[in-house]
Amino acid sequence: MRFFLSLLCLFLITPVAPAAEKPATIKKSFKSGIVLTFDDRYVDQWVQQIPLFKKYDAHATFFVDHFYLLKPAHIAGLKKLQDAGHAIGSHSVNHIKAVYYVRTKGMDAYLKNEIDPSVKRLTEAGFPPTAFAYPNSSRSEEIDTALLKTFRHLRGGTGLSAGQRMRDLKAIFTPVDQIAGRGCLIGTGIDYAGTEKRPDYLTEIKDAMDHAKQRGEIVVFYAHNISDKGPGHHLQPRALEEILAHAQQIGLPTLTYDDLP
């Protein structure tokens, strides 16, 4: 009996270690920003630019389609991008225009064949996507509603009309305090900026960035390959560096879709 009383006393006076707390999710705080995104599966070229992004402490979101065609080296490349602070998102399974697919085969078929397998493969590979980019910017409110049950944000797209300034393209800007309530964020394409095809685009892009900074907004851009000559649609590394350098100069954070509330 005395032995059990001694054990009880020892238990009562011994301090109990507090339970380990689950680490809090840290969200990036920002008052404005630029959201750079790149589409398709130019993994090798994207990985080559990791040092450039690192030079400016900048990050981007890479939306991947045809994941089932990627080789192990490409998946390892996506992991390098992820480890460098970049986000990986879904760009569907086969890069099919959503509106056409839903109109001809139905919403259930679109989700079953183009969305669910993409999310499954990305998640199993260690890249659970929070965001989706519409191939060819083909979207509708009906499809938005369906996809926002799976993703926190979507990305659509729009282009400039003849003579229109990029800062006047209202759709690509979102006030920071409205991001959480806006499921689909609209971007505009910046491939070929600063080349003969789009000689004035770098000036327009920088002006749009200034506009976002001044108004407390984010501005969304999309491109594809990061390369001097392709293949495919591309943004040259020198143009990317000009954009990143300007963002750093004016104090405009580069945000990924994973950073957005």
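How much space lies in the second largest pocket? About 170 Å³. A pocket here is an open set of points on a 1 Å grid over the protein atoms alone, where a 1.4 Å probe fits, with protein on both sides within 12 Å along at least five of seven lines; lining residues have an atom within 4 Å of a point. The volume is the space filled by probe spheres set on the points, with grid points joined across faces, edges and corners.

A word on the source. This is a predicted model, where local features need pLDDT of at least 70, side-chain atom pairs count only at pLDDT 80 or more, and totals for chains, interfaces and linings use all residues. Residues are numbered from 1 along each chain as its sequence is written, and side-chain values use heavy atoms, leaving out hydrogens and water.

Back to that second largest pocket. Its lining includes Lys 28, Tyr 56, Asp 57, His 59 and Leu 244. Helix H9 (residues 237-250) gives the largest share, three residues. By class, six lining residues are nonpolar, four polar and two charged. Nonpolar covers Ala, Val, Leu, Ile, Met, Phe, Trp, Tyr, Cys and Pro; charged covers Asp, Glu, Lys and Arg; the others, Gly among them, are polar.

Now the largest pocket. About 250 Å³ of space lies there. The lining has 17 residues, and nearest the centre are Asn 136, Asp 191, Tyr 222, His 224 and His 233. Five lining residues are nonpolar, seven polar and five charged.

Next, the chain. It has nine helices and 11 strands. These are DSSP runs numbered from the N terminus: helices are H or I, at least four residues, and strands are E, at least two. Of the 261 residues, 49% are buried. Buried means under 20% relative accessible area, exposed over 50%, with a 1.4 Å probe and protein chains only.

Let me finish on helix H4, residues 72-83. Which residues of H4 are buried? His 74, Gly 77, Leu 78 and Leu 81. They cover an arc of only 100° around the axis, so they sit on the same side of H4. That arc is taken from the directions from the helix axis to the C-beta atoms. An α-helix has 3.6 residues a turn, so residues three or four places apart point the same way. The buried residues of H4 pack against helix H2 (43-48), helix H3 (50-55), strand E2 (61-64) and strand E3 (87-90). Contact means heavy atoms within 4.5 Å. On the other side, Pro 72, Ala 73, Lys 80 and Asp 83 are exposed. After H4 comes Gly 85, with a positive phi near 100°.
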